[in-house]
Amino acid sequence: RRNSENQDPNLIFGREIKGRVIKMNQVDTNSGLVTIEGEILKTDKRGLRSGRTLFSFDITDYTSSVTCKLFPRDDELEGITEKLVKGQAVRLSGEAQYDMYAKELVILARDILLIPVKKEKRADNAPVKRVELHLHTQMSQLDAINSAGNLIGRAAEWGHTAVAITDHGVVQAYPEAQNTVKDLKKKNKDIKIIYGMEAYFIPEEKYDSGGGIDYRHCETYHAVILVKNQTGLKNLYHIVSESHLNYFYKKPRVPKSVFEKYREGLIFGTACEAGELFRAVLKGAPEEELERIAAYYDYLEIQPIGNNAFLVREGKVANEEGLRDLNRRIVELGERLHKPVVATCDVHFLDPGDAIYREIIQTGQGYTDASLQAPIYLRTTEEMLKEFEYLGREKAYEVVVANTNKIADMVEKVEPIPSGTYPPHIEGAEEDIKRMCEEKVTE
């Protein structure tokens, strides 16, 4: 099947490909002969009863994915299996059709050309880097995609001095975060972890007819809690325990009274559009109420307008400029109350292309707008400065770089898992063991 006259060593199957490349999400069972290109995800080789060999591979161009099949001769098989491997990029032409055996669309490959992998690698080239203060790992159940190790590794690769871990209601990513820092140090890279959590906060407690607090009917808001020191870490653990054991209703809730009890060593932020302050600004609350709410927090948070684009789709905000105005209101409030305002990404995945994975897990949960993913990926300093340039150059730098570093500088080095071993000390144990040994030897 190889065209002997074609000297291109990258053409490993069939003939020269002349068709126009189309995106995989445009391919269906009526497409006929198509030309696509993408990266191989997985390969499979199996023998058939007829004596022939079926070689198949899954390929993606990040708009969609499809399985490709071919039936090479024995003399072609070795070269194909060596070159068509996971991570290799290819351009191919073939017939798109419904496979009765696989019960799905497949492409019967006719011509295959090896091509360079097209991966755009983002880098943070800003002289002074930002710090991400709102970030979710895969421990934010069925909501975020990446491991703590991948996220921290990227921040360290970009030269960021610190990064926060703020999963929903839990602290399960802490051991991996701490181990990642240790591994990075072996490679002469260092980064400070700001341990934290995004809590389901109850700012106002309602009482039932018996005088008890009815937490099931209290409104909850998102709020970010960051650990300042070891005392704060212990207090956050208390909060997590109480929220799960005593105040769990659909989610682990944190009443204001519990937070007050354990507030020492913690930094409190207003979080995202689900936060108490943003919701109040959105509904047009009077200035006195906004100031009362904001005064309780240590810092105020704003995010890229793409994070809240659903408010425009739902008709709650007129347009993108309306979303910018909401952020401007929070910035003005911070100036008036002398509260630092920080710009965060509310990270749920690492790169823009990873949105498809969150779409999949949200579709499985029944979200009707899962295909309209917010751009909640980890952004570089330059990307964030460009996003917030509507605030003016100086103010954008303040919220993106200066204030995020200011918060990070408030945080001491914290170890969720102390170094060393901690055996229990039992009074008189050494003497008892010595006596027991001597008695046994004598016996």
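A residue is called buried when its relative accessible area is under 20%, exposed when that area is over 50%, and partly exposed in between. In the predicted model described here, Tyr-62 has a relative accessible area of 41%, and therefore counts as partly exposed. This residue is placed in the loop between strand 3 (53-60) and strand 4 (65-70), and it has a positive phi of about 70° although it is not a glycine. A positive phi, of about 60°, is also found at Lys-103, again not a glycine, which lies in the loop between strand 5 (89-99) and strand 6 (104-115). With a relative accessible area of 54%, Lys-103 is exposed.

Tyr-62 also belongs to the lining of the second largest pocket, where it is listed with Glu-39, Lys-118, Lys-119 and Glu-120 as the closest to the centre among 26 lining residues. The volume of this pocket is about 870 Å³, and strand 2 (residues 32-47) provides the largest share of its lining, namely four residues. By class, this lining consists of 11 nonpolar, three polar and 12 charged residues.

The largest pocket has a volume of about 1200 Å³, and of the 44 residues that line it, Asp-143, His-168, His-222, Arg-358 and Tyr-367 are the closest to its centre. At least two lining residues each are supplied by strand 8 (192-202), strand 10 (248-249), strand 11 (251-255), helix 8 (310-313) and helix 10 (355-364), and strand 11 gives the most, with three residues. The lining of the largest pocket divides into 17 nonpolar, 15 polar and 12 charged residues.

Conventions: Residues numbered from 1 in each chain as written. Predicted model: local features only at pLDDT ≥ 70, side-chain atom pairs only at ≥ 80, totals over all residues. Heavy atoms only, no water. 1 Å grid on protein atoms, 1.4 Å probe; cavity = no way out; pocket = protein on both sides within 12 Å on 5 of 7 lines; lining within 4 Å. Points joined across faces, edges and corners; volume = space filled by probe spheres on them. Nonpolar A, V, L, I, M, F, W, Y, C, P; charged D, E, K, R; others polar. Buried < 20%, exposed > 50% of the residue type's maximum accessible area, 1.4 Å probe, protein only.
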